[in-house]
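Subject: Structure handover

Hello,

Please find the structure below. My notes on it follow.

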Amino acid sequence: MGNAGGSAGTSEPARTHGFRRRALAWLAPRPQAQAWTLLAPGTLWMIGFFLIPVVVMCAYSVMPRGEYGGVDPGFTLEAYTRFLHPVYLTILERTFAIAVATTVLCALAGYPVAYTIARSGRWRSLLLFLVVLPFWTSFLVRTFAMIFLMRDTGLINSWLMAAGILREPITMLYTPFAVLAGLVYGYLPFMVLPVYASLEKLDPSLLEAAEVLGARPAARFRRVTLPLSAPGLIAGCLLVFIPSLGSFLTSDLLGGAKELLIGNLVQNQFSTARNWPFGSAASFILMLLVLGAVLIYLRLRPPDSARGW
Amino acid sequence: MGTSGIGKLPRWLVAFTAACLFLMHLPVLVLVAFSFNSSKFAVTWTGFTFGWYRRLLERDDILHAVQASLIVGVTATAIAVALGTLIALALARHRFRGRTVYEGMMYVPIVTPEIVTGISLLVLFVFLRLPLGLTTIIIAHVAFCVPFVVVVVVARLAGMDENLEEAAMTLGADEITTFFRITLPLLWPGILSAALLAFILSFDDFVITSLVAGSGSSTLPLVIYSMVRRNVEPSINAISTLIVIATSILLYASDRMSRRNEPANA
């Protein structure tokens, strides 16, 4: 304990020293208090600026709509019954379909990539770096890059026209295709990394054993590699599905008005429509869908991967 | 690893992987290349220029936005790293009631869609009549960064040798001295990567920021978004390129630093 107050001659350090000793002496036999001293500041912040906001948002979702945004006092379930209207159910359905399609495409593309990287020997760290790099690149910049490629006067169209393959530009931007392409491009690393992690842990002697026992390559993959990498694949699916479900920026910039997803619906209610209760209700429903997906994942997850993703 | 090698894999698999990795980088590479193109209409290459970068310097809104983003990023990172590291220490080094539940709850903000987090904060700030501006942006950024800091620092603490801390305590150091002289120096690389992650998350955030920013204060992503919305001039390519370069430098620096401090066994 010596160096804290020892060198200074004034009484000030000695006093803090005394306080520190008393505080530590009080905490020593109290492990719960020790833990909560460390937890308190961050926990209070998260309660104040995550939990309470969500609770206030829920409260807003069951209150009558205010005339100029905001809410009036009272209680009504109007926002939730409004959600049952076909227009909004279609948005829900579309969001779900796009999230599922993104997840399937990411799995189909990401699994082979992860498999190759896991078996690439000395190339491994370079390839892994190439997968991680886009993850660190601004999502907004990457989405803009997609616009730059896909718009009518964009690079793909102008190259195809210059090459004589196309007469007129094909419309890619503001279609469901653009949104899907943007989401797959955005979230593919989330699939590759967990699949890679589970393939990398796979014991090669299991494959050798299967080979000795006469399993052909296809059977070895189907009966050994695939089941053992399933936890990574399932985790990857969750990591892609969740942000796709709640995506806002991709559909906002790459999709047209016809490609509205829940995230955009929520934002519209607060910006242009000024229906805060309905926006809060949509937002709450989105949150429940995401937490539902996580709960399904926790059920699916095999018990041996109890910790971490 | 002697048995594995890229040569043993089926050709089509290697080709497919190469194509995927190429496509993952193509859009940004094209974006960067065309930031040096002199044509305003950006589709054909008409000559090399730095003009779009010079144009950026003339735009006050961009310079202000960079300043705002740096203020927000640095402040939010500092607060989030402090709060998150304390939580991580409690989770990794202390037993307390409800620890498993607490650890699970830490993932709820991570999986919650940004639009939900942003809307709920907006509703709270309006409810409390807090004026929207840099302060509300910083509050929001800290809230979404803390859980990420916790996850990164907990991972680092899990790989650390607790015996060193116990040895220091046995030799008469109290908890605080042990923390500053043993735990913190060993934990530094973890804290650094947590800080980098928090800073990049903050610097890059558009969705939450756009909801809690109000009209007066714009961070860089907000300005870029309005540029993308309004038009297509190659200045966006230039600013995007600068962001990509800045991020790469940060990543490289943090990788170097954490490697230098890494104990031999980790």
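Chain B averages a pLDDT of 88, and 94% of its residues score at least 70; pLDDT is the predictor's confidence in each residue, from 0 to 100. For chain A the mean pLDDT is 87, with 92% of the residues at 70 or more. Over residues 1–12 of chain A the pLDDT is below 50, and this stretch has 11 contacts in the model beyond near neighbours in sequence. Residues 305–309 of chain A also have a pLDDT below 50, with 3 contacts beyond near neighbours in sequence. Two residues are in contact if their C-beta atoms, placed from the backbone, lie within 7 Å. The model scores ipTM 0.89 and pTM 0.89.

Some conventions: this is a predicted model, in which local features need pLDDT of at least 70 and side-chain atom pairs count only at pLDDT 80 or more, while totals for chains, interfaces and linings use all residues. Residues are numbered from 1 along each chain as its sequence is written, and chains are lettered from A and ligands numbered from 1 in the order in which they are written.

Chain B

The secondary structure of chain B consists of 12 helices and 0 strands. Helices (H or I, at least four residues) and strands (E, at least two) are DSSP runs, numbered from the N terminus. Along the principal axes, the C-alpha atoms of chain B fill a box of roughly 70 × 65 × 30 Å. Of the 266 residues in chain B, 42% are buried. A residue is buried if 20 or more other C-beta atoms lie within 10 Å of its own, exposed if 12 or fewer, and partly exposed in between, with C-beta atoms placed from the backbone. Among the contacts in chain B with a separation of 6 or more, 79% join residues 24 or more positions apart.

Contact between the chains

The contact takes 70 residues from chain B and 71 residues from chain A. On the side of chain B that touches chain A, α1(B) gives the largest share, 12 residues. By class, that side of chain B has 50 nonpolar, 14 polar and 6 charged residues. Here Ala, Val, Leu, Ile, Met, Phe, Trp, Tyr, Cys and Pro count as nonpolar, Asp, Glu, Lys and Arg as charged, and the others, Gly among them, as polar.

Nonpolar core

A nonpolar core is a set of buried Ala, Val, Leu, Ile, Met, Phe, Trp, Tyr and Cys residues joined through C-beta atoms within 7 Å. The largest one has 152 residues, of which A:Ala114, B:Ala80, B:Val149 and B:Ala198 touch the most other members. Helix α8 (residues 176–201) of chain A gives the most to this core, with 16 residues. Apart from its neighbours within four places in sequence, B:Ala80 is in contact with B:Val142, B:Cys145, B:Val146, B:Val149 and B:Ala198.

Positive phi

A:Arg274 is not a glycine, yet has a positive phi of about 55°. A:Arg274 sits in the loop between α12 (262–271) and α13 (276–300) of chain A. With 16 other C-beta atoms within 10 Å, A:Arg274 is partly exposed. B:Arg129 likewise has a positive phi, near 55°, and lies in the loop between α6 (114–127) and α7 (134–158) of chain B. B:Arg129 counts as exposed, because it has 6 C-beta neighbours inside 10 Å.

Regards
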